[in-house]
Amino acid sequence: MILGVIADDFTGATDVASMLVRAGMHTVQVLGVPGGELPAADAVVIALKTRTIAPADAVAQSLAALAALRAAGARQIYFKYCSTFDSTPQGNIGPVTDALMAALGADFTIACPAFPENGRTVFRGHLFVGDALLSDSGMRHHPLTPMTDANLVRVLQAQTAQTVGLLRHDVIDAGVPTAQDRIAQLRAEGVKIAVADAVSNAHLLTLADACAELPLLTAGSGVALGLPPAYARRGWFAPNANAAELERLQGPAAVVSGSCSEATNAQVARWMAAGRATLKIDPLALHEGRQTADAVLAQATQTLAQGPVLIYATATPESVRAVQQALGVQASGDAVEHALAHVAQGLVQAGVRRLVVAGGETSGAVVQALGVRQLRIGAAICPGVPWTQSTLPGKGEAVQLALKSGNFGGVDFFAQALQQAGVAL
Ligand code: ADP
């Protein structure tokens, strides 16, 4: 293993894994702190859920992930957080970075959430979302991690006792040797973590090359784009043109949708408009016993031979609000997730080998119900959403999953995903 990544949330992990595959690295994503040995791959991404938990818990889980990655021989460690630097005044970016540095004996690292392709740029230490400063973007209203200061040096300094500095864009513009000289100078000045500017992909490539031999990097997913070429230049591995290739699986296919985002509502509507098979989960009917997950599963299983079926709870915001008022927010969410996960599990038992899941929480519930702990990352269907392949516990059969978080994907996403996996529609 060359690169070991510790990601602070699930979709962020998939995002960075997808980036590494795109640049030619065989990559496996592991869900949660690994129980046993890690799989063989160029890169392993451990998906944690530590963004907003208590700092001490985030540190403990990150250190456990680090121990597994080091035991598997990772040359470099990458702490992946969100491209909007989502954190609270307590952390967890600072505390986790401090703990990883201490464990690795690292006296210097960078912090760079920039991802210019997605409109996240860092200039003179300030993070922009599109044309707006982070503090003027929608992130200032985030329910869990409101970001009200765009000056990342200041934001990070509030989370760590180590000295935070700045690696400015003009130094990065000047190329790898100049950037490395500046890093040596910052180190000599006692800077332990440097917020790094990047307003273009070229900056990310230079930065990754200048930092490829640091024991630890901390960043969004953007910097990962530059690492495979930097490793290849050092002769550590040869980029593999087939890194994204998964097996061609046979057997029925299905879509399960629990996301109620605008994008998913449009995707469900498009699937129906094309006259394809659907089954609806109605939370109120479930609650009143007029519908059961088993009955939906039985119906869905019957239609599989005719082609892929979509099982959805996806509904408009008004309809979701009405259900939440009747049943409670948590209870309605849990009931729908449980029903969809049960249906997904039953479908896979009935032979489904290619399954598209819409919704972040829904994906979590489905993956858990299937008992899947590792995802081999394949080709992207749209930015941030790759096909993945897992081995089912027990019989050891393969299943391919496309796990889409809410707002991702174009209106034809479901059909596009299935066709990409070789499903005839
Ligand atoms: P997203 O990625 O779009 O946020 P999630 O799956 O993370 O999607 O979250 C959607 C939540 O809404 C889940 O908890 C799901 O169970 C719940 N949900 C889905 N359909 C309905 C519905 N019709 N009424 C109420 N809640 C629903």
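A salt bridge here is a side-chain nitrogen of Lys or Arg within 4 Å of a carboxyl oxygen of Asp or Glu. By that rule, the count in this structure comes to 14 salt bridges.

Before the details, the ground rules. This is a predicted model, where local features need pLDDT of at least 70, side-chain atom pairs count only at pLDDT 80 or more, and totals for chains, interfaces and linings use all residues. Residues are numbered from 1 along each chain as its sequence is written, and side-chain values use heavy atoms, with hydrogens and water left out.

I will take one pair to start. Asp-9 forms a salt bridge with Arg-51, with 3.4 Å between the closest N and O atoms. Asp-9 sits in the loop between β1 (3-7) and α1 (10-22), and Arg-51 in the loop between β3 (43-47) and α2 (55-71), so the pair ties together parts 42 residues apart in sequence. Helices are DSSP runs of H or I with at least four residues, strands are runs of E with at least two, and numbering goes from the N terminus. Both Asp-9 and Arg-51 are buried, buried being under 20% relative accessible area, exposed over 50%, and partly exposed in between, with a 1.4 Å probe and protein chains only. A network of salt bridges links Asp-8, Asp-9, Arg-51 and Asp-86.

Next, Arg-233 and Asp-209, whose side chains meet in a salt bridge at 3.0 Å, N to O. Arg-233 belongs to helix α8 (residues 227-233) and Asp-209 to helix α7 (residues 201-211), so this pair ties together parts 24 residues apart in sequence. Which of the two is buried? Asp-209, at 11% relative accessibility, counts as buried, while Arg-233, at 56%, counts as exposed.

Now the sheet. Three strands form an open sheet in the order β6-β7-β8, with antiparallel pairing; pairing requires at least two bridges found by DSSP between two strands. β6 (120-123) and β8 (132-133) stand at the edges with a single partner strand each, so one side of each has no neighbour in the sheet. β7 (residues 126-129) pairs with β8 over two bridges, and Val-129 has Ala-132 in β8 as its bridge partner.

Last, a helix pair. The axes of α11 (residues 293-303) and α13 (residues 329-349) come within 9 Å and cross at roughly 35 degrees. Axes are lines fitted to C-alpha atoms over the stretch in contact, with angles from 0 to 180 degrees between N-to-C directions. Contact means heavy atoms within 4.5 Å; residues meeting across it include Leu-297 in α11 and Val-343 in α13.
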